[in-house]
Amino acid sequence: MMTLKKCRFLFVLLLFLFPAVLVGQSPVREISGKVTDSSGEPLPGVTIIIEGTNTGITSDLNGEYTLTFPADLNDPVLVFSYIGFTPQQFEIGTRETIDVVLTDDITVLEEFVVVGYGVQRKVDLTGAVSSIDGEGMRLLPVAGVDQALQGRASGVNITHNTGMPGEGVNVRIRGVGSINSSNDPLYIVDGVPTVDALSTLSPTDIESISILKDAASTAIYGARANNGVIVITTRKGEKGEPRIEYSSQVGYQQHGRLTPMANRDQYIEMYNKAADNDNAFIDNPRLQRKLIDDEVSAGLPDIDQLGAIFRNGLIQNHSLSVSGGTEELTYMVSGNFFEQEGIILGSHYDRYSGRISLNSKVNDFIRLGTNINMARSNNDLIGSSGDGFGGNGGSVVRYALFRTPAIPIKDENGEYVDSPANPNFFGDGYNPVGLADKMNHNMSQNRLFGDVNTRIQIFPSLHFSGTYGLDRTDFFERRFNENWGTNNRINNPNSLNINNGYYQSLTASNVLSWNTNIADRHNLTAILGTEAITNNGYTDSSTERDFPDQEDYLIFLGNGLGSIVVSEGRWAN
């Protein structure tokens, strides 16, 4: 049992030691500064810690920090780390202020992909997502982004119907899902949904592409994402002096291995053998097939009809961009010219496109931006399928395969030879070179596609983003089916078809996102949003037949002898 005397002794001892403890506390120091990225934007939430200790802090909304630490630390080192940026270390020494500029960590950035209405780390994904960097796509001599995607993502099949210049491609993500409706994926460009922006965008303007392939990764888009989603992010300007980039590609295309065709002598030999075999079972000479004798074959040409419709096609792609900006405003302006001559005579495609991207910092909490894409394309079309009779053009390749080598392309007057002098020997198929040359079918499009967007930081972990987009296509198609051939048998009577109109889509998307980090181990994200889409369009079509004069400058509606048939349509949803 403790005596009163001992209690008094302990009390006096504590009174003596307590001031000593206070006096023995180590003095402290402060280090402060600001953390920004390479464009000068403040970085909130950067982890700042004294190496080898538990002393640390995070930067505030303006990227600023003030850290208190014991003054007796030996050679303290300040470590700055932030997701997506390269960690940096600084010896404090006698300094009281350290401002830091963190640079992008490319290795870490590659682990993030655009999904839904935000970004996510690959390691956190449970769905099937492929990510494609835009830098490699800029080197490909292709007309659009859709063609540049070929062979670059597993589970994505991209095919051409005919290979015609300017023709779009079929994109199928993990096969065909329906036989009764479209199997095309949903495209999202800078937050704006569209049906066909890929043929308008230049590959040189692409920053990255994410392909969402399964139900888990596309669920947020609902039923419209049944066939997968392709999310495209375009390039933006960066802070700094004006930067000019120019790229150019010029080359040519040629066909691959063609089906070997019989020459004139081989055709005559095979024809006569077939005739002999048929005649062996016919006794009546009047019913027997006649042979191609020397009198008939004398002076016949030897034409490679398939090779005659092909050529080496010029292909060129030129891009020019200017980018730069200040801390308050960054910009990127680019232009592109693409031209492709088809490898089949008469086919041609060219496109002029321009793009403007502006991003403004209104204050520390509000960002405004816009992305505007404009394009004009012209396409000279050549028949790629079907029969030429009746005005639908027909496939020039089909008729080249049917055309026998003993029929000349043109006669001595320079006119196309249609039906040969001996159709019983050489057939009466249409002249494929003539079909290609006589085709007068042009389609032009004007495209405007863009958005205005805003991002507001309500709290460090709570953001609002709004995207308001427009997608409009004005088109004009003109086709004249010229009457020509033996006895005017092809496209009789001639006809003029004109179609024009527009398609337009308006989009408004508003998203409130909340993100927080729990104990530096767990990340919690929630979003709440609304999206409204309206579509409308208008088309009209006019047809007139029987033009007595087929000179180009006389082929206009009202100059034909037939009546004009007009139809129109309007739709909205």
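Predicted model: local features only at pLDDT ≥ 70, side-chain atom pairs only at ≥ 80, totals over all residues.
Local features require pLDDT of at least 70 and side-chain atom pairs pLDDT 80 or more, whereas totals for chains, interfaces and linings use all residues. Residues are numbered from 1 along each chain as its sequence is written, and side-chain values use heavy atoms, without hydrogens and water.

**View A. Salt bridge between Arg289 and Asp278**. A salt bridge is a side-chain nitrogen of Lys or Arg within 4 Å of a carboxyl oxygen of Asp or Glu; here the N to O distance is 2.6 Å. Asp278 belongs to helix 6 (264–279), while Arg289, 11 residues apart from it, lies in the loop between this helix and helix 7 (294–297) (helices are DSSP runs of H or I, at least four residues, and strands runs of E, at least two, numbered from the N terminus). Arg289 is partly exposed at 32% relative accessibility, and Asp278 is partly exposed at 35% (buried means under 20% relative accessible area, exposed over 50%, partly exposed in between; 1.4 Å probe, protein chains only).

**View B. Salt bridge between Lys361 and Glu327**. The closest N and O atoms are 3.4 Å apart. Lys361 is in strand 20 (residues 348–361), and Glu327 is in the loop between strand 18 (313–325) and strand 19 (329–341), 34 residues apart. Lys361 is buried because its relative accessibility is 12%, whereas Glu327, at 28%, is partly exposed.

**View C. Salt bridge between Arg489 and Asp418**. The N to O distance is 2.4 Å. Asp418 is buried, with 3% relative accessibility; Arg489 is partly exposed, at 23%.

**View D. Network of salt bridges**. Arg235, Arg243 and Glu245 are linked in this network. The structure holds 15 salt bridges.
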